[in-house]
Structure formats: structure tokens, C-alpha cells
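Let's walk through this one piece by piece. Have the viewer open and follow along.

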Amino acid sequence: MATIRHELQREVFKPLEESLESFVNVSKVLKKKKTSFLCITSTSQKPTTIHVYQVKKTDKSYKKKNSWILGELISVDIKTPAEESHEFDLQFDKNYRWYAINLLEKKKFLTTLWKLWCKHMPKQKSPFRNLPEDWIASVNPSIDQGSPVSTSGLPVSQNATTVGSEGVVSEETDEDAGNYRSLTEKEQADLEKMVSQYEFAISNAEAFMEVLARDLSILDGENVHSVLATEGMFCRSEKGESKKWLLTGSGGPLDEAIQETDKIEKRLEDYEQALSGVRRAIQEVEQKNALIELADRNARSLLAELENVINQLDLHHHHQNALMEADLSQPRGLEDALQASEALRAALNAQIHPALVRLGAVQGQRRRLEKLKGKFSQNLSRHLNNLFIHLGNDTAETFSPPIDEIFTRPWPPGPSAHVPPKHHAQLAPYGPLLGWARAMDRRAYTALARVYSSSLGKLYERDLRRLFEEARVQACDTPLGTTGPATGAAGSEKKTSSAAPGHTTGGPLLGSDRETWTADGSSSAHGAAGGGVTDCRRFDEVLERALAALEPVCLSEQKFCVRFFHLDVATPDNDKNTQTTLDAPSSEAVEEVSSSPNPIPIPQKRAEKQMNEEVRKMMGELFASLESELISFVAHYEKVDSFYCMSVLVRLGQHVMSAQDAGSFLTVTFGTALVHAKRSFDRLMQAQLRSIQEARPPGGGASAMRRSSNRTTGILPFVANFEDFAKTAESIFKGSVRRADLDKWYAKLVCAMFEAIPRTAAEQHRTPAEVVKMENFHHLYALLSQLKIAVLDSLRKDAKQKYSEALKAYVTQYFGRPLEKLNQFFEGVQAKVSQGVKESEISFQMAFSKQELRRVIREYPAREVKRGLESLYRKVEKHLCEEENLLQVVWRAMQEEFIQQYKSIEELIQRCYPGSMITLDFTISDILEFFSEIARSH
């Protein structure tokens, strides 16, 4: 246990300058496998503090888990005293139930705790319960077993002698409490030095003890001789008197020394009594001097604080006059008013101690400053209101260049600097005063911003209306830069006005017939080189010019509003007149913020959100009609031709994506219009998709379809219309950021056509279904190969496969077997072979003899075969349309099929009738010549 005690002292308590008084190895009552140590320690510094620690041993070291001071001890229950119980309870912040591993350690630990309680907490009620009397007797042997014990844990008979009047424990108890003390550094060094002198000190402890005992006896003897030598000196020095002193025991040097000491003590008492009065006087003087110095320091501090308050709240008379009688129309008066307003703001924002604010003079000065602020704010509001209203009645245009020149200048325009409106230069000098109003008088600032928005908003509303009216005229007029009669979109507009009410789109549908598609006036219906594309390009150019003219105007006004109304400075929602500048503030904004000693910080994201909301709100009031005018302009031309929504989608997408500030008012407005255009585009494509899904076979009449002279079904309308639609869409979306929107609908439209072609082919009865599928899939494959659209590459391969399958099915169905009897003959031959008859023995069968084979061959002379092929060619010619030019492709496929059948028959003749010299009446060369002559003759 000494080793554990030493380790605990060295590793845990020595770094804390505490000494270990006692310890016990314990575990919790319900968890006996987990052990720890309860330790009692005392600090080396005065006053002494007693701690109780719970220390747990880990794999490598000891670690403190809980700690309490002795004053926190509420109760100690030692359980049943009559029995040897391992359990005991300690109650600090809560009751802890412990199980001691060793009973002796438990007894030593609890008696030590009891002694320290009696020493350091003598006036407190004893928390010990069930404390055995023999434990107390073992600590104080003078206590009888039957002696009563007081509440403090000590016997009643010993309380008076053990505890003094001041509650100090006697030395005997103190000596008993110090059971263990660690060695000092000097003692440890001396011990190591002594051990190092003897090599056998550790190996032979008994020999080492004998050496130490011998040395100790020698030292004792020397001490005795030294004492006797000293007494002999006294005897020789006093001679006869010393002998008398030795015989009588009085009158010696010790008595004389005592008498001299008494004299010195009496004299010292007289000196001390004389100096006590002087000491008291000096102390009184020191106290008075300290009070005088304290009063002087307080007076100086009060004077400095009052001077600071006066300097902060004082406003020069010149500034007061400038605020009361400000002439804001003159540059000099404006400069004086600006300086005075900054001084007023510094005075109102002065940082004064809360206790000084209650002074009547401070409150009175603040009331006077508030009156000055109200008067100046009223004058400033009146002057700026009149100025805003005057500028709102100006007739000058806000656009640069003027609206009349926007649509007549060469396009694209060269680099030219935008000229800001005139009112920007007139209002710029008043910007700092608006910043002062924003910080000092929020109500007046809000009213000024509202008047500015309503007055200047009239100018922008007037110019926006003129801009879009001119855009409508230019879009409906001849191409920009030329003269001539109105055509194109104007004619389309007339057609739209007379259209049926139920027509949901302003253009034709892919599922409509060709004449309806081309007669509707759509830009897509006229093809890549038609007049509709010219109309579309003219509309696209007009729209781009209008959007390009809007950008510098809106951005210039937004920058001016941010700078003039200080929208880049966030004002906290409190009563203090403080501000926080956002992003990269201007020098004026920095001066405004620096004038506020302790600006209240605002989170960056929240401040940016507040600024963006204020900017968009003001710009929305200034350009209130921009969004409605733009959407109205776009919606008008969507009614004229729904295909215009593709140009609008592309243009607006370019402007939104190229915007430097994604949160600006103009970008948000364009984004709203872009959403409208995207919805219109989706409605257009949904209508086209529905028209394909609902398409029916073309009926009779000349306007039903693209037809040849023999009235075949030919190319279905939605397949033919898709070619014009795709070319127009490609010309609009080429290089656009909105390309993904078109590609998504491309895939849906082509997939719908893949489903509609077989369905429509099966529903019509004029042309074989395989021919309809073959021609339309071939046309679609050629179109997709020409367009080279990456997203449709897999569908292009599917179209080719479907075309090949339809071609093969048509050839198989209509070419059939021109040598039918020969085919039937050899089918019987193959049946016999499959039944087990050898091929060399087939000729011995009556039904398949050589004579029978020659008879069948004679039925297919060369001229009859040629006549049958000519009849087949005419039938194929009737089925196919002229536009796709697939006649020669089909004829070649039939030629290959005929040659394949011929080779199969020849091979069977060679295998089953070897050496019979039986051949057909024509050869492969004859077949090739037949097909070539028939093709050339037609």
C-alpha cells in the first residue's frame, strides 16, 4: 500500500502542491468490479483546504474523476458499528454508497476524515453517524471507552483542553493529524548522499542499520562531551564565585541575565507606550491624506467626463444657424448645411455614460438637438419634394440615344457610352443629405424616396410606352432600314384577328395538312428561305434592340438610386442612428459609418438581402410598367405567330445569363418575362405533340397531302411539316443557352412520330402499310441525318432500322415467289429429304422424277418471267410516291430477292439431280438484263 500511496502523491497530488493524508480502495455497492481510490488531501498553502477526491486508475496513470471540499460534506454513515461492515456512505451533492476493499483502510480513512473535520470545522455540527468509540479512543488514548462524545466527535471531558476559546485544535491533535509528510528536497538529497556512501545499503539492510546505530552512538557521545566541556568553562571562569553559585544555586550568571532581560523588557514597554500615541496620529494623517487624494481624483475624473459630455453635445452657433435657415438651392448654403448636419449627427450619436444621460442639462441639450434635427429635416424634405416634382414634369427623354433613333441606327451598334438622364446630375449634390436623412429621420427619408419614385416613375412610364409602341410599329413594318408596303407580320396579324375563337395557338400544328401549314403564315411554315423567316428575323432584331436599349437606362438608374439614396448602407432596426455599409462602400459611406462610434453589426447575408430588397422595391416603383409592357409586347406577337415565343425565349435567355448582377431589378424583370416565354414555348410544343398524337390518315381532295399523280398516301403531313419546323427552330436556337429546352421537345416529338407512323399506316387503305412506313421512316432518317442533332442520333438510327424492316416486309409480301410451281416442287423435295430419303434417290420418286422437273421448268420460259416482272414493276410504281424516289431502291431489293431464289433452285437441282443436265430457261445474266430493261423502259 505504501507504493500506491507514493504513486498517488507523486503523480496526482504533488503537481497540485497537495499532500495525501489518507486513502482507501473502494468500489460502488452495486458495481464491485469497478474500483477506485477515495483520497483525503490538504494544501500546503495557508489557509489549509481539505479535499476529498475519487481517483480512478487507468492502464498507464491515475485520473481524478470527482472532487469535493470538506465544507461540502453533509453526512458520513459508517453503517452498523457492532459488525465489521465494508460499506459506508458519504453525502456531498448527493449520497454516495461505497464498499471498502480493506477494513483497516476504511477505519484509517474515516478516522482521518473525522480528525480533519474536528480541526478545521470545530463549530460545525458533526456529520458522523455510527462512529465507534474505540476508533476515537485509538486516536486519543486518554479517552475512556465509556466517556461520552460531544456533537463535534470529541469526548466531553476533552473538549475544553483540546479546543481553545477561539476554536483552535490543540497541538496534540495537530501532531496526530500529520501521519505522513513527504521529504523535502534537502532531506532527500542528504538521504541519497548517505546511501551512496555504502554500497551494501540496499542489498544488506541489517548491516546498514548496524552502521547507522554505531554512528549514532558515536554522535551521542560527542554531544555529552561537548556539554561537559561547556560546564567546565563556566566553572573555571568564575573561580571562587562559581563554586559558590554551584553550591547555593543562586546569584550566578543566569540570574543576572534574567534581571537584565527584565530591565530591557520594561524599557521596551515604556517605549512602546510612548510611541502608541504617535502611531495613532500618523495613521489618522495617512487616512486623511488618502481621502483627500481620492476626492481629488474623483473631481478630476468628473471634470474630464463633464468636459467630454459638453464637447460631444455642444453644437456651434454657426451650425445651428445653417440648420435653421438653410438655403439648399445655393452651393454655399448646401455645403454649410452638409457640415452642420454631420455635426448634428455626431452630437446625437454621442456615446455618453447611462448615468450622465439622466442629468437635466444633458436631457435638455438633447431635446434642443432633436428640435434642430426636426426643423432641418422638414426644410430638407420640403426642398427635395419640390425638386422631385419639378423634375418629374420635365419633357426630356430618359433614353440615350433617343427612342426615335433606337430602331433606325445601324445594327449591331458600335461601342458608345450611355448618357445618364439630366436629373442625375441635378440631384447628385444632395446625396450626402439623403444619407443623413436615412440615418437620422427614417420617416422623412421614406417619404422622399416615395415622392422620387412616383415623380420620376412618370417619366419612365411615358418613355417605356413610347419604346414598345415604336417596337410594334417597326416589327409590323418593312424590314429595318428599308421602305415599302407593310407585309409579313402585319398580314399575319389580320389573319389572327379573323381566326376562330377556339384556336389556342397563333400558328399551324405539325399534325395539320400541308396547305393549312403553309397558308397559316407561320414563320416555321414558310421554310428556311421563306418570308415568314424574314418576319421572324425582323421581330427578333426589334426585340433585341428594345432589350439592349432598356439595359443601360435601368442599370444607370439603379446605380444612381443606390448611390443617391445610400441603399448600400443597411440600417439596423433600433433607435440608434447607426448604419452598416455593405460590400465596397464609397468614401462618403465610410465617413458616415466612421462618424458612428460603435455601429451595430449586421450579418452579411442579412444585410445583402435587405439591400437587394430595397433596391428592387425602388426600381419596381420607378419602372412599374416595364414588366407589363414587355409581357404585353411579347404576348401580342405570340398571338400573331406562336413560333415567335422561340425567339423571345432565346433573346431573354441571353440577356439573363449575360447579366453581371443576377439580383438586379432588370435581370429579375427579364427573368419573369423569360418564365412567361418558357411557358408559352412549352404550350406551343405541347400543342404540336398533341397534334401528332391525334393525327389521322389524310382524306380525299387535293389539299389532303403531298401526293403523286397516282394518288398514293406518300409522306404523312406531320413528317413533312417537321422538316420546316426543325429548320426554323435550328436557325433560332443555334448557339443559344436555351438549347436544352428545344432538345427535350425534339426527342418527344420524334418519339411521337415513331408511334404515329405505324398507327396512321394501318388506318389508311389507299397504300400498303409497309410502303407508308418505309417512305416516312426513310424521310425522317434523311432529315435527321441532315440536321445532325446530337440528342436525336439514337433516334436517327432507330428510324433507319424501321425503314429497313418496312422495306424488307414490303419486298417479301409483294414480290413473293415468281417461280411459284418450281418453289412448290422443291419444297416437296425438301420434305422427302427431311423424311430420310437420300438426295441422290429423289429422282426415283414418281412425283419428283426428272421428267416431272422438266415439265415444271417448261412452264417458266424467259419471256413469261420477264412479262411477270413488268407487271410487278407497274404495281410497285403505283404504290410508291415520287417525292421519296424509292422506286429504284425497292426494284433493286426485289432483284436481289429474285436472284437469291434462283440460286436456291439451281443448288437443289445440282444436289438432287446430278448429271441430268437440267437447267432453267434463263440465267442470272438474263435476270439482271430483265430488271435493267424494265427500269430503263419506265
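Which residues make a nonpolar surface patch of about 590 Å²? The patch is built by I264, L268, Y271, L275, V278 and I282.

## What you're looking at

This is a predicted model, so keep the thresholds in mind: local features need pLDDT of at least 70, side-chain atom pairs count only at pLDDT 80 or more, and totals for chains, interfaces and linings use all residues. Residues are numbered from 1 along each chain as its sequence is written, and side-chain values use heavy atoms, with hydrogens and water left out.

The protein chain has 33 helices and 10 strands. Both are DSSP runs numbered from the N terminus, with helices being H or I over at least four residues and strands being E over at least two. Of the 938 residues in the protein chain, 43% are buried. Here buried means under 20% relative accessible area, exposed means over 50%, and partly exposed is in between, with a 1.4 Å probe and protein chains only. Among contacts in the protein chain with a separation of 6 or more, 68% are between residues 24 or more positions apart; a contact is heavy atoms within 4.5 Å.

## The greasy patch and the surface

One of its members, I264, is found in helix α8, which covers residues 253-313. As for the rules, patch residues have over 30% relative accessible area and no salt bridge; like charges are joined within 9 Å, and nonpolar side chains (Val, Leu, Ile, Met, Phe, Trp, Tyr) within 5 Å.

For the protein chain, the accessible surface comes to about 51,900 Å², and carbon and sulfur atoms hold 52% of that. Areas come from the Shrake-Rupley method with a 1.4 Å probe, and for residues only the protein chains shown count as cover.

## The eight-stranded sheet

Now for the strands. Eight of them form an open sheet with mixed pairing, in the order β4-β3-β2-β1-β7-β6-β5-β8. The edges are β4 (62-69) and β8 (128-129), each pairing on one side only. Helix α1 (residues 2-13) packs on the sheet, touching β1 (18-28), β2 (31-43), β3 (50-57) and β4, and its direction makes about 115° with that of β1. Helix α2 (residues 103-120) packs on the sheet too, with β1, β2, β3, β5 (75-77), β6, β7 and β8 as its contacts, and its direction makes about 135° with that of β1. Those angles run from 0 to 180 degrees between N-to-C directions, using lines fitted to C-alpha atoms, for helices over the stretch in contact.

Strands count as paired if DSSP finds at least two bridges between them. β1 and β2 run antiparallel and are joined by 10 bridges, with S27 partnering T35 in β2. These two strands make a hairpin with two residues between them. Next along, β2 and β3 are antiparallel over six bridges, and C39 sits opposite Y53 in β3. The hairpin from β2 to β3 goes through six residues. Then there's β6 (residues 87-91) with β7 (residues 95-100): five bridges, again antiparallel, with F88 opposite W98 in β7.

## Salt bridges

How many salt bridges does the structure hold? The count is 27, where a salt bridge is a side-chain nitrogen of Lys or Arg within 4 Å of a carboxyl oxygen of Asp or Glu. Take D77 and R129, whose closest N and O atoms are 3.9 Å apart. This pair links distant parts of the chain, from D77 in strand β5 to R129 in strand β8, 52 residues apart. D77 counts as buried at 14% relative accessibility, whereas R129 is partly exposed at 45%.

Another bridge pairs R442 with E614, at 3.3 Å between the closest N and O atoms. R442 lies in helix α16 (residues 442-476) and E614 in helix α21 (residues 604-622), so the bridge ties together parts that are 172 residues apart in sequence. R442 is partly exposed at 33%, while E614 is buried at 18%. Salt bridges with shared partners also join R332, E335 and D336 into one network. Within that trio, D336 and R332 meet at 3.7 Å, N to O. They are separated by about one helical turn because they sit four residues apart in helix α10 (residues 331-348). D336 is buried at 15% relative accessible area, and R332 is exposed at 55%.
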